[in-house]
Protein chains: 2
Amino acid sequence: MMVAPNSSTPLLTTAAGRQQLLACYRDGLLHDTLPFWFPRSIDREHGGFLHCLDHDGTVVDTDKSVWAQGRMSWMLFTLYNTIEPRPDWLEWGQHGLQFLERHAFDTDGRMFFQLTRDGRPLRKRRYAFSECFAAIAHAAHAKAAGDNRSAERAREIFELFTRWNFTPGLMPPKWTDTRPMIGFGPRIITIVTAQELRANLGDAPYLTSWIDRCIDDIRHWFVKPELQVVMETVGEDGAILDHFDGRTLNPGHAIEGAWFLLAEGRYRKDASLIALGCQMIDWMWERGWDQEFGGLFYFRDVYHKPVQEYWQDMKFWWPHNETIIATLLAYICTGDVKYARWHQQVHDWAHHHFSDQINGEWFGYLHRDGRRSNTLKGSLWKSCFHHPRMQWLCWQLLAHS
Amino acid sequence: MMVAPNSSTPLLTTAAGRQQLLACYRDGLLHDTLPFWFPRSIDREHGGFLHCLDHDGTVVDTDKSVWAQGRMSWMLFTLYNTIEPRPDWLEWGQHGLQFLERHAFDTDGRMFFQLTRDGRPLRKRRYAFSECFAAIAHAAHAKAAGDNRSAERAREIFELFTRWNFTPGLMPPKWTDTRPMIGFGPRIITIVTAQELRANLGDAPYLTSWIDRCIDDIRHWFVKPELQVVMETVGEDGAILDHFDGRTLNPGHAIEGAWFLLAEGRYRKDASLIALGCQMIDWMWERGWDQEFGGLFYFRDVYHKPVQEYWQDMKFWWPHNETIIATLLAYICTGDVKYARWHQQVHDWAHHHFSDQINGEWFGYLHRDGRRSNTLKGSLWKSCFHHPRMQWLCWQLLAHS
């Protein structure tokens, strides 16, 4: 599935190159990634998906991540809605969503994080990202099946998520109130979840309002022009907290957030949003790209001090997926050849290092120098999501731009 | 401070070699490790120790780990009690202990985990390891200063720790009760804490009783002769839980626990305990030693399946400190030259890879191949504890055995 580096001309800058890239993403999705997961992961005995898979698809843990169930269902419904209405995709997605509805909700309406194979709750987290993935799965299902109940559930769960995340004092704190901190993560996941609800359920003022609020937070609190950086965590007033946690940057995460803003800028035809997204990419590419070994570092320190997380220089699959999307979208939005070059660079490095030529899909975790740290294709954290989302979205962007 | 590999004869097997090792540990402690930390880390403005230090001693975070305050005070009092009564050591240890007493206890008697420089609480954890380190610091202070109040505090805090850890339902659960798990960690930390209280406050039936109970748990639940392994986590009935978390081994941690058992076997003149400790070392050396790059892996899978933690093959400083102690003690207890060879092997690898010839002390975190992952000497997790404890204990063992 790898596209060979094409001398000094990035593929994005020629029509033939764009066709080559389109085929790479399309064929990678349909003939490499999806066949790794389906029908293999479908648990016909207990429902849902078995997603903790070794390199060859062997199940190495039967526990089920609630994130994974929602994310995989969303991916399947999205393919059904946007590529073609294959009955399998709809049925498999519904298989995942039914398991979620049956087992993943606690009596307080909030969701669990990890379940046994037969759906008994193992763990619930303070934060509510499980809810985001259930919301987008329901929204995509509402469109795929014309299911009003799913549309209603998507709105309910999104409302619960935003209330839980943005009502001061509601979420049990991990820290005392000595040094309040706010995170970039909840803002960008709110934006992309609202965008998904809008795409599948139609526009609504409450969605625009949440997107506006989160963009405003990012612009005023997390983006730091004086340092040319996007912070991951800041004080309640946007102050940089000069401690390990406060200084830690997550370049791939910032770049993921950047493409959500580019997508919003394109949707709204808002040049200032596109400029903001590109600015975020520029800064965090500079911070994140490893000049020595290639690939994107996981964490960096805003002041170039040592990062406390000892695995900080590892290369994870998902920041590369997100950066491939972000640079492609930035090129489409601006025509700036810099983004085509970066896109080629991260596309080539990632396909070369993460892809498995034998069994398909990508490995998840590399050491700084590109050696694999384990052979897993799926785990509590990695399932059928970031990589196929990239393949699907890049294919669609290339087909329709 | 490194002792050069001495052809095929391990240093431990000759009198001259033992003198060479003794000098290495003694001089390393007194002239390399301690001067890195003291007086540099003493915070005369706000009390306690500033321990988040870069390779050259620069403070990179002013937050204070409650573990570090207790551990560093314990180390100083222990040197005062066992090496020589240097007034500085007593005064510096009291400086740390006063900060703990003033700032580290919550109103419920339990301790915080992380404080600001001026002692305001940032974080409290479910588990109660902060309490163990405060208890041993108080016990060592009771002996150093003849302070009855510290003796009383040590007993109180130990009682609180054991009640918190071993009363079912008291500690807020991280998981639901769907799949109850028990850990090796609380057992071994109870043993070593009780041993420290016994050493400094005198023997007492409640200490013996706690040690007995924890040894019994380890023997019956965590040690698996059929697999030749020591588990880190098991079900309540000792069952191996065939999931990522249940399968994950921590060889350095098991070997640390093994030397606590060897020490207990020596104290009680109990050959069966010494045999158990040696058995644990044998199995976990086999599981943990990296035949390709040397050093001890952090995590392994009991069934040789992939480990979910992506940094699982990193080399951390402390498992090497604990394995140097364990192999030395096993050699002293048994005279088996195998342990002298392993001791030489881990001693050489660790000193070669972790020590900083320029600024002293050890670095903390290496990639599998021995490259450093960051330049920190101290952090929320690493302070003046495992490394000087090894140097102190190995010196004392060689001097008195």
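Helix 9 of chain B and helix 10 of chain B are roughly antiparallel to each other, a label given to angles over 145 degrees, whereas angles under 35 degrees count as roughly parallel, 65 to 115 as roughly perpendicular and the rest as oblique. In this predicted model, helix 9 (residues 251-268) and helix 10 (residues 271-288) of chain B pack at an angle of about 160°, and their axes are 8 Å apart. Axes here are lines fitted to C-alpha atoms, for helices over the stretch in contact, with angles running from 0 to 180 degrees between N-to-C directions, while helices (H or I, at least four residues) and strands (E, at least two) are DSSP runs numbered from the N terminus. The crossing of helix 9 and helix 10 of chain B is left-handed, that is, the near helix is turned anticlockwise from the far one by less than a right angle. Among the residues of helix 9 of chain B that meet helix 10 of chain B are Ala254(B), Gly257(B), Leu261(B) and Arg268(B), and the helix 10 side of this contact (heavy atoms within 4.5 Å) includes Leu273(B), Gly277(B), Met284(B) and Trp285(B).

Residues are numbered from 1 along each chain as its sequence is written, with chains lettered from A and ligands numbered from 1 in the order in which they are written. Local features need pLDDT of at least 70 and side-chain atom pairs count only at pLDDT 80 or more, whereas totals for chains, interfaces and linings use all residues, and side-chain values use heavy atoms, with hydrogens and water left out.

Turning to charged side chains, the whole structure holds 64 salt bridges over all chains, each defined as a side-chain nitrogen of Lys or Arg within 4 Å of a carboxyl oxygen of Asp or Glu.

| Salt bridge | Closest N and O atoms |
|---|---|
| Arg153(A) and Glu101(A) | 3.1 Å |
| Asp301(B) and Arg247(B) | 2.8 Å |

Arg153(A) forms its salt bridge with Glu101(A), and because Arg153(A) lies in helix 5 (residues 148-166) and Glu101(A) in helix 3 (residues 87-103) of chain A, the pair ties together parts that are 52 residues apart in sequence. Arg153(A) is buried, with a relative accessible area of 11%, and Glu101(A) is partly exposed at 33%; buried means under 20% relative accessible area, exposed over 50% and partly exposed in between (1.4 Å probe, protein chains only).

Arg123(B), in strand 5 (residues 121-123) of chain B, is buried yet has no salt bridge, the nearest side chain of opposite charge being Asp245(A) at 6.3 Å. Leaving aside neighbours within four places in sequence, Arg123(B) is in contact with residues of both chains, including Lys174(A), Trp175(A), Phe112(B) and Gln114(B).

Arg187(B) lies in helix 6 (residues 184-201) of chain B and is buried at 8% relative accessibility. Not counting residues up to four places away in sequence, Arg187(B) touches residues including Phe166(B), Asp217(B) and Trp221(B). In chain A, Asp217(A) sits in helix 7 (residues 205-222), is buried at 8% relative accessibility, and touches Arg187(A) and Phe222(A), again not counting residues up to four places away in sequence.

Conventions
Lys and Arg count as positive and Asp and Glu as negative; His and the chain ends are not counted.
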